[in-house]
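Here's a quick tour to read alongside the viewer.

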Amino acid sequence: MVAALCAIAAVLLLSACGTQLAGSAEGATPTESLPWTLASPSRVTGAQLADDQRTLTVSVRVPDGEQPCVRALKAALTASENNTVWVQITFSSPSGDRRSGCTGERTASTRLRLPEPLGNQRLVVDYDNQFTTDGAKLPALRLCGRLGCHPPPTGCTTASYEQAMIAADAPMHSYRDAEHCDGKWLVLDFTWRTGPVCGDTTASPSGCASRLGDRWFFRARPAGWAPITASAAGGCGAVQRAEPAFPTSLCAELAPLSASLHPSYPPPSASASPTGGQLP
């Protein structure tokens, strides 16, 4: 009898050991014991439309780990107006707690049936990812850029200058100060405000008027204005070193940017010491 009881105990012990997930990290916290919260994907990677023009499949990046990291991944129609269909992707995950081990990512897909064919409407997924059937290689939809699904043609226009500012990674709320453009080549001077926050009663009155600035040179490409180089110097030297074909007529009369707009901060001398004396 004693031998039989020992054998049963041994079987139960081995069975309990077998409940650990193969390949799981030593000491990992089971995700079941952590709070699962509502989340959105880190990135939308693509969208496809089936032959019926209504069944939509959206691919996204979601958390991943050795234990379950995603539940209830779904796409929901949130609005359909102004020739735009709005879709939101959500899921539940414990990835907010690093003990979950959900520190990696993987691609996952979810499907949604639209109430009517997408047609020529824009599809907006998670607020800032725009897709269209126009120019797309179906079933994949075309992912639009920051200027929308139909960006303005490259030229000497306000909309085209805005595209150039984005290409130059200009700070938000920058002001265009001057444009020199012939349709194929472009010079843009722009500035942005700096200093104390406007409206701050402790700041000096001139704080909001302080500005920094830059000058960029571009050439026209099929996708828009492409940056060549930036320089605070006057004339054509800097741009024609980078692109000899840049026309002199657009840069010869450029004055140097003010030092207040484009200050220089040379590195401190390597021989300087905090006390100004020699080291012992």
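## Ground rules

This is a predicted model, so to speak of a local feature we ask for pLDDT of at least 70, while side-chain atom pairs count only at pLDDT 80 or more, and totals for chains, interfaces and linings use all residues. Residues are numbered from 1 along each chain as its sequence is written, and side-chain values use heavy atoms, with hydrogens and water left out.

## Salt bridges

How many salt bridges does the structure hold? There are 8, counting a side-chain nitrogen of Lys or Arg within 4 Å of a carboxyl oxygen of Asp or Glu. One of them joins D97 and R99, with N to O at 2.7 Å.

Another pairs R176 with E162, whose closest N and O atoms are 2.5 Å apart. This pair ties together distant parts of the chain: R176 sits in strand β10 (residues 175-181) and E162 in helix α2 (residues 158-167), 14 residues apart. Helices (H or I, at least four residues) and strands (E, at least two) are DSSP runs here, numbered from the N terminus. R176 is partly exposed at 26% relative accessibility, and E162 is partly exposed too, at 38%. On this scale, buried means under 20% relative accessible area, exposed means over 50%, and partly exposed is in between (1.4 Å probe, protein chains only). E179 joins in as well: E162, R176 and E179 are linked in a network of salt bridges.

E243 and R219 also meet through their side chains, at 2.9 Å from N to O. Here again distant parts of the chain are linked, with E243 in the segment after α3 (237-242) and R219 in strand β12 (residues 211-221), 24 residues apart. E243 counts as buried at 17%, whereas R219 is partly exposed at 23%.

## The four-stranded sheet

In what order do the strands of the open sheet run? It goes β10-β11-β12-β13, 4 strands with antiparallel pairing; two strands count as paired if DSSP finds at least two bridges between them. β10 and β13 (224-230) stand at the edges with a single partner strand each, so one side of each has no neighbour in the sheet. On average, neighbouring strands are turned by 30° against each other, direction ignored. The axes behind that angle are lines fitted to C-alpha atoms, for helices over the stretch in contact, and angles run from 0 to 180 degrees between N-to-C directions.

β12 and β13 run antiparallel and are joined by 6 bridges.

## Two loop residues

T133 lies in the loop between β8 (129-132) and β9, and counts as buried at 17% relative accessibility. Setting aside neighbours within four places in sequence, T133 is in contact (heavy atoms within 4.5 Å) with L49, L118, G119, N120, L138 and L141.

G148 is in the loop between β9 (142-143) and α2, and is buried at 15%.

## The cavity

Searching the whole structure turns up 1 cavity of 30 Å³ or more. A cavity here is a set of points on a 1 Å grid over the protein atoms alone where a 1.4 Å probe fits but cannot get out. Grid points are joined across faces, edges and corners, and the volume is the space filled by probe spheres set on the points.

The largest cavity has a volume of about 40 Å³. Which residues line the largest cavity? They are L77, S80, V85, L114, P115, E116 and Q121, where lining means having an atom within 4 Å of a point.

How values were computed
1 Å grid on protein atoms, 1.4 Å probe; cavity = no way out; pocket = protein on both sides within 12 Å on 5 of 7 lines; lining within 4 Å.
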